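I am opening a notebook on a structure that is new to me. I will look up one thing at a time and write down what I find.

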Amino acid sequence: MTEPKMIDRNGWAGFFDQLSADHQGDITAIELFDTDFGDQYETERLPFTYASYDRKDDVIVIGVGGNSARSPVLLRRMIHRPVEVDAAVPAPGRSDIRIVAEDGTTTMVHLRPGAALPEPR
């Protein structure tokens, strides 16, 4: 297990591009820690589609689903005005990404190897 590593803001776009290439189709859980609404899972066990950072709009977008018959709808989590991105590798092939927004909301993205759902017969 590696200790969480802070990703420099100048490297966010490249980091999320590489994350997308390395984890395409992996099982994803997105967990939110919000002071107003409490802690909750936004998604669980959906296939990871992509992650990106848009410098112009200052937003990180995490896309899940949308790439199989069992999960045809693409869901996007948008983190506006992010201030911190940390990444950890708890085990080979696994990644945990922590994103903190300017308003203090924290988004955790957990990526695990394997197909999230079997295809229908």
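In which loop does Arg 81 lie? I found Arg 81 in the loop between β5 and β6. Helices (H or I, at least four residues) and strands (E, at least two) are DSSP runs, numbered from the N terminus.

**Basis.** I note that this is a predicted model, in which local features need pLDDT of at least 70 and side-chain atom pairs count only at pLDDT 80 or more, while totals for chains, interfaces and linings use all residues. Residues are numbered from 1 along each chain as its sequence is written, and side-chain values use heavy atoms, with hydrogens and water left out.

**Confidence.** I looked up pLDDT, the predictor's confidence in each residue, from 0 to 100. The protein chain averages 88, and 88% of the residues score at least 70. Confidence is lowest in β3, with a mean of 89, and highest in strand β6 (residues 82-88), with 97.

Arg 81 is partly exposed, with a relative accessible area of 45%. For this term, buried means under 20% relative accessible area, exposed over 50%, and partly exposed in between (1.4 Å probe, protein chains only). Asp 58, also not a glycine, has a positive phi of about 50°. I located Asp 58 in the loop between β3 and β4.

**The sheet.** In what order do the eight strands stand? I wrote down an open sheet, β1-β6-β7-β8-β2-β3-β4-β5, with antiparallel pairing. β1 (5-6) and β5 (74-80) are at the edges with a single partner strand each, so one side of each has no neighbour in the sheet. Two strands count as paired if DSSP finds at least two bridges between them.

**β1, β6 and β7.** β1 and β6 run antiparallel and are joined by two bridges. Lys 5 has Ala 87 in β6 as its bridge partner, and Ala 87 in turn has Ile 97 in β7. β6 and β7 are antiparallel, with six bridges between them. Glu 84 is opposite Val 100 in β7. The hairpin of β6 and β7 has six residues between the strands, and there Gly 93 takes a positive phi near 80°.

**β7 and β8.** I went on to strand β8 (residues 106-112), which pairs with β7 in the antiparallel sense over six bridges. Ile 97 is opposite Val 109 in β8, and Val 100 is opposite Thr 106. These two strands form a hairpin with four residues between them, where Gly 104 in the turn has a positive phi of about 95°.

**Cover.** Is strand β7 largely enclosed or left open? Six of the seven residues of β7 (residues 95-101) are buried, so the strand is largely enclosed by the rest of the structure. β6 is mostly covered, with five of its seven residues buried.

**Core.** I looked up the largest nonpolar core and found 22 residues. Such a core is a set of buried Ala, Val, Leu, Ile, Met, Phe, Trp, Tyr and Cys residues joined through side-chain atoms within 4.5 Å. Those with the most contacts inside it are Phe 16, Ile 60, Ile 62, Val 85 and Ile 97. At least two residues of this core come from each of α1, β2 (27-34), β3, β4, β6, β7 and β8. Contact means heavy atoms within 4.5 Å. Leaving out residues up to four places away in sequence, I listed what Ile 60 touches, including Trp 12, Phe 16, Tyr 53, Val 85 and Ile 99.

**Aromatic pairs.** How many aromatic pairs does the structure hold? I counted two. The rings of Trp 12 and Tyr 53 have centres 5.1 Å apart and planes at 85°, so this pair is edge-to-face. Trp 12 is in helix α1 (residues 12-23) and Tyr 53 in strand β3 (residues 38-54), so the pair links distant parts of the chain, 41 residues apart. Trp 12 and Tyr 53 are both buried. Phe 15 and Phe 16 form an edge-to-face pair, 5.0 Å centre to centre with 75° between the planes. Phe 15 and Phe 16 are buried. Rings of Phe, Tyr and Trp (its six-membered ring) pair if their centres lie within 6.5 Å; planes under 30 degrees apart count as stacked, over 60 as edge-to-face and the rest as tilted.
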